[in-house]
Amino acid sequence: MGFYLASKEVWRNKGRYILFSMVIALITVLVLFIAALAEGLGLANKEYLDKLDAELLAFQANVDLSLNSSRISRAKLNDIRRVEGVEEIGPLGFSVGTLIAAGERDPIDVSLIGIEAGMPGNPPILEGRGILASRGNEVILDGNIRAQTNIKVGDTITIKTIQGSDESFFNLQVIGFTDKRQYLYQPSVFLPYQTWDRIRAQGGMSSGLVDLTSNIVAIKLVDPQNAESVKALIKSQVDGIELADIPTTIEAIPGYAAQQTTTNTQKSFTLLIGLLVIGGFFQIQTLQKVPQIGVLKAIGAPNKIIATAVVFQIILVTTFGVLIGTTITILLSLGLPQGIPIVFTPQNTLIQIVSLVLIGPIGGLLAVRLATRVEPLTALGLSS
Amino acid sequence: MSSTVIETKAISKIYQTGEMVVKAVDSVSMQVRQGEFVALVGPSGSGKTTMLAMLAALLSPSEGEAFIDGQDLGIMKDIDRVAFRRQKIGFTFQQNNLVPYLTVLENVELMMQLNGKLSEADHERALNLLMRLGLEERLNNLPSQISGGQQQRVAIARSLIHNPSVVLADEPTASLDTERAYQVVQIFADLIHEENKAGIMVTHDLRMCRYVDRVIQMIDGTIELELNDRHDINEFISCG
């Protein structure tokens with residue numbers, strides 16, 4: 001009965017409710033785009049780490065989990081590898097450079113990631129082959145580069161880095177492509193570890209006597225469920241390192257937490273505005289209908305029917321608005337140019353849609369309360 | 001001899017604000033039989049609408065007892081009063097009578113929907129009532145698309161569709177011109193007699209009493225005058 005009354009009222013006042021649904025649709029577009037921006041910015045920062053095939057990461061102690069400041073020596077690698085519960089480890093090095101390819105108009109700023117062949121940290125290969133040795137002028141490119149350029153497996157690219165105060169150029173052959181794995185807003189170029197160490201940006205020319213170090217170490221465990229106890233074991237057996245899981249490491253990326261807090265605050269405020277707009281609209285609607293509700297109650301409509309009619313009406317209008325907003329968002333997203341950090345993931349989008357549909361009834365709670373408190377005596381112009 | 005449907009025994013309604021006590025209805029006893037149409041008249045503030053509200057189970061009497069179909073309204077729980085209203089009472093109001101987003105037919109059938117049953121027979125009865133009230137061409141119109149008199153006729157159909165024991169009308173002609181007001185009350189009276197209901201109409205317009213069987217005049221919360229002879233009623237109307 002509640003649904004009957006709600007649907008009749010909405011259907012016979014289509015213009016008013018469609019107009020209001022459009023307001024909800026615009027709020028939906030805003031929320032979905034902010035959520036997609038948060039996702040896109042977050043991914044651009046953490047995509048490589050997020051997809052890393054390891055459970056723990058080892059950092060140098062007292063560097064506050066900073067990937068760039070951390071240095072771990074080869075000797076420590078062996079100590080970590082020997083700890084019981086550790087299946088495999090992979091040293092990882094991070095640096096930056098510029099990719100220059102023949103036929104491409106603009107150079108691309110990239111993250112240079114040094115990896116050990118066959119060890120944790122290697123990306124999955126979607127085309128071509130993986131890195132087989134720790135030296136060699138070979139690279140695997142991020143899927144983002146494949147999407148932006150015409151570079152193919154077998155092509156030779158040039159990586160420019162700064163050595164001291166000079167620009168140095170290194171020619172490397174593309175042997176494969178992986179999926180999208182950005183790090184610090186830049187697409188990644190994966191190199192054999194020793195090659196990476198040779199071409200990475202450095203303050204001065206290496207004397208050749210310095211030990212090979214990595215920034216961090218990716219640790220794959222025999223039993224990932226047992227991470228906490230293995231972590232304690234490694235800490236007790238290896239000095240001078242700090243361990244963190246992937247989420248903790250991502251949170252420690254400079255600016256990541258602040259950026260996510262900002263976008264989440266924007267999203268929350270937009271949802272709050274939606275809540276207030278929906279609440280306000282239905283509150284005014286109910287106030288206008290007080291005499292009508294009074295008559296309905298006087299002729300015997302119970303509060304249950306009055307309340308469900310209001311709730312169904314809110315759900316109908318909100319759901320329609322969210323559907324329209326989602327459709328508009330999908331259409332707009334199809335026309336977005338490459339490189340804009342807006343990423344719509346099914347899970348994130350679904351969470352936002354459910355939140356938007358839920359704020360309708362929550363925002364309309366006051367209207368429901370008001371409707372159930374209307375006295376049937378108002379039909380007779382009396383009050384109790 | 002038709003049976004008594006409405007009976008009140010010295011019912012009062014007392015409002016208290018601080019130290020001020022107002023008796024809106026003061027010890028009123030009355031009976032209305034099946035098939036009887038009664039007009040409750042009186043000046044503003046005489047207590048007639050409060051009396052109607054108590055008979056409709058919208059207000060509880062402060063003192064005394066009120067019975068409809070033998071059921072004591074004073075001891076009913078709130079939830080039972082709501083069910084009682086939709087099953088036993090038919091209501092017509094002064095204004096805002098109809099649900100604006102339901103058609104004429106849907107407004108009449110609303111009572112059956114509220115009672116959880118709308119059978120084919122109910123649908124036929126709604127159509128027959130609306131035809132009897134001259135609204136057969138307005139079935140699919142919204143209230144905003146018909147005149148005030150037609151709206152009141154729809155409300156009359158709604159007040160009878162669910163076969164209630166009692167039909168109550170609060171100033172049903174207040175917003176109508178004289179000619180339409182006569183039409184509406186006449187139809188109302190005819191249907192109450194045909195359907196054998198107990199009907200009470202609150203009105204301040206004495207001219208509308210020409211179609212009722214009995215007139216009860218209230219002043220200051222009490223029954224001042226009660227007339228059931230046609231000659232006396234006509235004289236009362238002419239004295240205005």
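Predicted model: local features only at pLDDT ≥ 70, side-chain atom pairs only at ≥ 80, totals over all residues.

Residues are numbered from 1 along each chain as its sequence is written, and chains are lettered from A in the order in which they are written.

Begin with the contact, to which chain B gives 23 residues and chain A gives 21 residues; two residues are in contact if their C-beta atoms, placed from the backbone, lie within 7 Å. On the side of chain B that touches chain A, helix H1 (48–55), helix H2 (78–88) and helix H3 (104–114) each supply at least two residues, helices being DSSP runs of H or I with at least four residues, and strands runs of E with at least two, numbered from the N terminus.

Next, select H3(B), where 8 of the 11 residues are buried, that is, with 20 or more other C-beta atoms within 10 Å of their own, whereas 12 or fewer make a residue exposed and counts in between partly exposed, with C-beta atoms placed from the backbone. Among the buried residues are Val104(B) and Leu114(B), and the buried set packs against H2, helix H4 (120–132) and helix H5 (148–161) of chain B.

Then move to Asn196(B), in the loop between helix H6 (178–195) and strand E8 (198–203) of chain B, which has a positive phi of about 60° and is exposed.

Finish at Tyr185(A), in the loop between strand E8 (166–177) and strand E9 (188–192) of chain A, where phi is near 65° and the residue is partly exposed.
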